[in-house]
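Please look at the sequence and the structure first, then read the sections in order.

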Amino acid sequence: MTRLAVAVAIVVVVAVVASVVRRRRSSDPPTQGGFELPVQLDRRDFDRSDAPWLVAVFTSATCESCADVVSKAAVLAAADVAVVEVTYQERADLHARYAVEAVPALVVADADGVVRAGFLGPVTATDLWAAVAEARQ
């Protein structure tokens with residue numbers, strides 16, 4: 001009986017020590033904020049508001065990947081597709097109005113300003129062109 005009591009006591013001590021060690025080793029994952037793209041634009045805020053489609057690229061002069069996204073979007077410019085770069089340094093008011101907190105941020109909006117597609121961060125030309133083609137259908 002004494003052996004059983006000693007064995008139970010050892011098991012309890014080992015369980016408590018293991019629990020304490022596990023708590024000290026693990027840490028909570030870092031809190032990460034999520035950035036969101038606008039879902040609606042006022043087309044009057046942008047050049048060529050009469051075009052059926054708008055590709056708005058929110059950028060910053062300090063952003064290294066923004067120029068690449070702008071050059072990929074520029075190819076989409078056509079009579080029915082307006083491509084507009086919205087640089088933070090020149091149009092901080094639009095960045096604030098649409099709560100754009102990270103760049104590059106690209107949105108494709110229809111004639112009513114409803115965002116039909118969007119990308120946050122670098123985007124491949126294939127993905128961008130496919131999204132615009134799908135939105136236009």
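The sections below cover the disulfide, the salt bridges and the nonpolar cores of this predicted model.

## Disulfide

The model has 1 disulfide. Its partners are C63 and C66, with an S to S distance of 2.2 Å. The torsion about this S-S bond is about 95 degrees, so the disulfide is right-handed. Both C63 and C66 are buried.

In one of them, the side chain of D42 meets that of R44 at 3.0 Å, N to O. R44 has a relative accessible area of 71%, which makes it exposed because that value is over 50%.

Another salt bridge pairs R97 with D45, at 3.2 Å from N to O. R97 belongs to helix α3 (residues 92-97), while D45 sits in the loop between α1 (2-25) and β1 (53-59), so the pair ties together parts that are 52 residues apart in sequence. D45 is buried, its relative accessible area being 18%.

K72 is buried at a relative accessible area of 18%, whereas D68 is partly exposed at 37%. As for how salt bridges connect, those that share partners join D42, R44, D45 and R97 into one network.

## Nonpolar cores

The largest nonpolar core contains 17 residues. Within this core, V55, V57, L106, V108 and L128 have the most contacts. At least two residues of the core come from each of β1, α2, β3 (105-109), β4 (115-120) and α4 (125-136). Helix α4 gives the largest share, 4 residues.

What is V57 in contact with, leaving aside its neighbours within four places in sequence? The residues are V69, V70, A73, V84, E85, V86, A105 and L106.

Technical notes. Residues are numbered from 1 along each chain as its sequence is written. This is a predicted model: local features need pLDDT of at least 70, side-chain atom pairs count only at pLDDT 80 or more; totals for chains, interfaces and linings use all residues. Side-chain values use heavy atoms; hydrogens and water are left out. A disulfide is a pair of cysteine sulfur atoms within 2.5 Å. Buried means under 20% relative accessible area, exposed over 50%, partly exposed in between (1.4 Å probe, protein chains only). A salt bridge is a side-chain nitrogen of Lys or Arg within 4 Å of a carboxyl oxygen of Asp or Glu. A nonpolar core is a set of buried Ala, Val, Leu, Ile, Met, Phe, Trp, Tyr and Cys residues joined through side-chain atoms within 4.5 Å. Contact means heavy atoms within 4.5 Å.
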